[in-house]
Amino acid sequence: MSESGNSSAAALRAVAIMETVARANRPLALSDIAASCGLPAPTAFRILGLLESAGLIQREPTGKTYGVGHRLARLGLDVMSNNDPRGERRAILRRVVDDIGETCNLAMLNGDEIVYIDRVETDWSLKAELKPGSRVPLHCTSSGKLFLSQMPRAKRRRMLESLSLKRYTDNTVTDIALLEAQIDDIAKTRVGVNNEELQAGVIGLAVPVIGAGGRMIATVALQAPVARLPMARAMECVPRLLVAARDMAATFDNGSS
């Protein structure tokens with residue numbers, strides 16, 4: 001095979017490995033990756049090393065499994081933010097804002113933060129203004145806690161232990177045991193709750209956007225001043241958010257993402 005042919009084959013193997021790791025809902029062992037890609041273990045190991053050095057794949061702390069690296073995660077978010085369905089997704093958020101009267105966003109997990117992929121602000125002058133691309137913590141946001149609730153317990157614990165758990169308001173929960181109890185409740189209801197934990201006077205709710213494989217890929221969330229929308233009334237908006245999340249899922253499942 002020519003040098004260009006060898007290069008093309010190596011590139012395709014690397015892409016296959018990244019796809020395999022990205023599609024998995026857990027870190028994968030070398031043997032799993034090699035078997036899924038139809039590669040000898042030494043070949044898969046060599047390619048994983050190159051991808052790891054480039055930040056596209058990361059080795060888990062145990063050193064025995066592999067997950068998505070920061071550059072691959074960033075690439076996925078960039079694609080989500082800039083592809084054709086952007087207008088359709090914004091229209092879905094706009095309809096929710098028109099119905100509820102409060103700010104709504106589409107958010108995704110990126111490493112140990114939440115990133116707003118898109119956001120439509122309410123017309124009210126009193127609002128929490130954040131732009132698409134803004135990053136917020138996991139431990140004190142409705143979307144962050146919802147993502148944490150979908151993780152296996154061991155992974156969630158490692159994630160919480162790695163976070164700074166900064167206190168932003170008097171309501172911010174910084175004790176890991178209390179956070180885990182709160183997240184366990186969210187796992188049952190599948191509704192993320194932020195009770196003035198990131199910004200004093202601002203609450204948030206988030207519901208999951210479920211992809212074709214049954215995995216949560218994003219959230220649809222609302223934020224509002226508690227003076228205008230108390231938590232009890234905000235919970236009445238959950239059915240409307242769930243409709244938006246279902247519509248949003250279709251924009252990912254139609255092959256456009």
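Trainee: Which strands does H6 lie across, and at about what angle does H6 run to S9?
Mentor: This is a predicted model. In the model, helix H6 covers residues 142-149. H6 lies across strand S4 (103-110), strand S5 (113-120), S7, S8 and S9, and its angle to S9 is about 150 degrees.

Trainee: In what order do the 6 strands of the open sheet stand?
Mentor: The pairing in this sheet is antiparallel. Strand S6 (135-137) and strand S7 (192-195) stand at the edges, each with a single partner strand, so one side of each has no neighbour in the sheet. From one strand to the next the twist averages 30 degrees. The order is S6-S5-S4-S9-S8-S7.

Trainee: Is Leu-148 buried or exposed?
Mentor: Leu-148 is found in helix H6. Leaving aside neighbours within four places in sequence, Leu-148 is in contact with Leu-138, Arg-156, Met-159, Leu-160 and Ile-183. Buried means under 20% relative accessible area. Leu-148 has 0% relative accessibility, so Leu-148 counts as buried.

Trainee: How many Å apart in space are Leu-148 and Asp-184, C-alpha to C-alpha?
Mentor: In sequence, Leu-148 and Asp-184 are 36 residues apart. In space, C-alpha to C-alpha, the separation is 9.3 Å.

Trainee: What is the relative accessible area of Val-97?
Mentor: Val-97 is found in helix H5, which spans residues 86-100. Not counting residues up to four places away in sequence, Val-97 touches Glu-102, Thr-103, Cys-104, Val-120, Glu-121 and Thr-122. One of these, Thr-122, is 25 residues from Val-97 in sequence and 6.3 Å away in space, C-alpha to C-alpha. Val-97 is buried, and its relative accessible area is 6%.

Trainee: Which strands stand at the edges of the open sheet of 3 strands?
Mentor: The order in this sheet is S1-S3-S2, with antiparallel pairing. A strand with a single partner has one side left without a neighbour in the sheet, so the edge strands are S1 (28-29) and S2 (57-59).

Trainee: Which residue in S3 stands opposite Gln-58?
Mentor: S2 and strand S3 (residues 65-68) run antiparallel and are joined by 3 bridges. Helix H3 (residues 41-53) lies across S2 and S3, at about 105 degrees to S2. The residue in S3 opposite Gln-58 is Gly-67.

Trainee: Over the face of which residue does Arg-89 lie?
Mentor: A charge sits over a ring if CZ of Arg is within 6 Å of the ring centre and within 35 degrees of the ring normal. Arg-89 lies at 3.9 Å from the ring centre, over the face of Phe-252.

Trainee: What percentage of the residues of the chain count as buried?
Mentor: The chain has 10 helices and 9 strands. Its accessible surface comes to about 12,700 Å², of which 54% belongs to carbon and sulfur atoms. Among contacts with a separation of 6 or more, residues 24 or more positions apart account for 56%. Of the 257 residues of the chain, the part that counts as buried is 47%.

Key. Residues are numbered from 1 along each chain as its sequence is written. This is a predicted model: local features need pLDDT of at least 70, side-chain atom pairs count only at pLDDT 80 or more; totals for chains, interfaces and linings use all residues. Side-chain values use heavy atoms; hydrogens and water are left out. Two strands pair if DSSP finds at least two bridges between them. Helices (H or I, at least four residues) and strands (E, at least two) are DSSP runs, numbered from the N terminus. Contact means heavy atoms within 4.5 Å. Axes are lines fitted to C-alpha atoms, for helices over the stretch in contact, and angles run from 0 to 180 degrees between N-to-C directions. Buried means under 20% relative accessible area, exposed over 50%, partly exposed in between (1.4 Å probe, protein chains only). Accessible areas come from the Shrake-Rupley method with a 1.4 Å probe; for residues, only the protein chains shown count as cover.
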